[in-house]
Amino acid sequence: MALFDLAGKAYGVPAYQLAGGKFRDKVLIYSDTDTVADGGEMGERLKRRMDDGFKFLKMDIGIGLLKGIEGAVSAPPGALQRRDVMHPFTGVQLTDIGIDHLVEYVRQVREIIGYEIPLAADHFGHINVESCIRLGQALDQFSLAWYEDMIPWQLTEQWRQLKQSVLTPVCTGEDIYLKDGFRPLLEAGAVSVIHPDLATSGGIMETKKIGDLAQEYGVPMAMHMAGSPVSFLANIHCAAATENFYVLENHSVDLPWWSDLIDGIDKPLVVDGYAPVPEAPGLGFGELNEAAIRERMDTRPGRDAGYFEPSDDWDDEWSLDHLWS
C-alpha cells in the first residue's frame with residue numbers, strides 16, 4: 001500500500017492506474033452492523049443503514065444469539081468457550097431448537113428490511129460442517145447474499161460439501177495469504193464468493209491477481225476491510241482495477257472520527273453507499289493527521305500507546321492467534 005502511494009505520487013497517477021486501470025468510478029460499500037439479541041431490533045438497526053444510503057448490508061447469525069436458550073446447542077464441557085480449536089474439533093452442534101430460533105431471528109429482520117437490499121451473514125460460531133449445512137438449508141429461504149466463514153478456509157473438501165448442500169452462496173477468504181492460498185478452493189469449486197482482506201492477502205497488486213484468478217473460475221471478489229482510512233483507500237483502488245469485484249466492507253461506519261485520521265481528500269469517503277475512486281496521485285489523500293491519530297491511540301494499561309514506537313512485543317508468536325475466523 002505504501003509503495004503504491006509513493007509510486008503513484010512519483011509518477012503523478014492514481015494507484016489504480018499502476019494496477020492496470022479502472023473498471024468503475026465508484027465502489028459499492030457494505031456496512032457490517034453489531035448484533036443484538038432481538039431480531040426486530042436488529043432489523044431496525046439495518047433499516048437505519050438503508051436510510052443512510054447503504055445498499056448492501058451484513059449481520060451476524062450464530063450460536064452467540066442462542067446463549068441462555070435451553071436445548072439450543074449441544075456441546076462437550078468447555079467447548080463453547082474455546083476459540084483456539086478449529087470448528088470440526090469442538091464437538092459443538094446446533095439442535096432443532098437452536099436452528100428454529102435463528103430462522104425466526106432472520107425472518108424478523110427480513111420483515112423489516114425487505115428483500116431488495118442484499119444481506120450477508122457472518123460469525124456462525126465454531127460448529128461442525130453438518131450443523132452448518134442444517135442451518136444453511138434452513139436459512140436458504142431468506143435469499144441471503146452469502147454465508148461467510150462458516151468453517152475454516154483450509155478445509156477445502158468441507159467447503160465443497162457445504163457449497164453443494166445449500167442454495168445460498170458461500171464465502172471465505174479474509175484470512176488467506178497470497179493468490180496460491182485461494183487456488184485450492186477455486187479449483188475444487190468449493191466457494192461462491194472470495195473475500196480477501198487486502199491488508200493481509202498481499203497488497204494491492206496481489207489482491208488484484210487473486211481477483212483475476214477467481215474470475216477465471218466464474219467467482220466474484222468481495223473484499224473484507226476493518227482498518228484505517230489509508231487501508232480503505234488502497235482497497236478502493238484495488239476494487240476499481242478488478243473486473244469481477246463485487247462489494248467492499250467498511251467496518252468503521254459507526255466511528256465518526258475515523259475519516260479524520262487522514263487529510264487532503266474530499267469527505268465523506270462514502271457517499272450514498274458508494275466510495276468515489278480518487279483521481280489524485282497515489283492512494284489519493286494528502287497526509288496523515290497526526291494529531292487525530294494521537295488523540296485516538298489506545299492508552300489502556302498493557303497496550304502499546306506509542307506513535308511509531310518499537311514493536312518488540314510482536315516479535316513472539318501469540319499462542320491463541322489462529323489463522324482462521
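## A buried salt bridge and its network

In this predicted model, K58 is buried, with a relative accessible area of 0% (buried means under 20%, exposed over 50%, and partly exposed in between, using a 1.4 Å probe and protein chains only). E249 is likewise buried, at 0%. K58 and E249 form a salt bridge in which the closest N and O atoms are 3.7 Å apart (a salt bridge is a side-chain nitrogen of Lys or Arg within 4 Å of a carboxyl oxygen of Asp or Glu). This pair links distant parts of the chain, with E249 in strand β10 and K58 in strand β2 (residues 57-60), 191 residues apart. Helices (H or I, at least four residues) and strands (E, at least two) are DSSP runs, numbered from the N terminus. Through shared partners, salt bridges join K58, D122, E148 and E249 into one network.

## Other salt bridges

By this rule the count comes to 17 salt bridges. Another of them joins the side chains of R49 and D254, at 2.9 Å from N to O. R49 lies in helix α3 (residues 39-51) and D254 in the loop between β10 (245-250) and β11, 205 residues apart. R49 is buried at 7% relative accessibility, whereas D254 is exposed at 51%.

The side chains of D5 and K9 also meet in a salt bridge, 3.1 Å from N to O. Because D5 and K9 are 4 residues apart in helix α1 (residues 2-11), about one helical turn separates them. D5 is buried at 10%, and K9 is partly exposed at 35%.

## The largest pocket

The largest pocket holds about 520 Å³ of space. Of its 23 lining residues, the closest to the centre are I63, G64, R83, H123 and G125. On a 1 Å grid over the protein atoms alone, a pocket is an open set of points where a 1.4 Å probe fits, with protein on both sides within 12 Å along at least five of seven lines; lining residues have an atom within 4 Å of a point. The volume is the space filled by probe spheres set on the points, which are joined across faces, edges and corners.

## An exposed loop residue

E287 sits in the loop between β11 (274-276) and α11 (290-295). E287 is exposed, with a relative accessible area of 58%. Leaving aside residues up to four places away in sequence, E287 touches I262 and D263 (contact means heavy atoms within 4.5 Å).

## Basis of the values

Residues are numbered from 1 along each chain as its sequence is written, and side-chain values use heavy atoms, without hydrogens and water. Because the model is predicted, local features need pLDDT of at least 70 and side-chain atom pairs count only at pLDDT 80 or more, while totals for chains, interfaces and linings use all residues.
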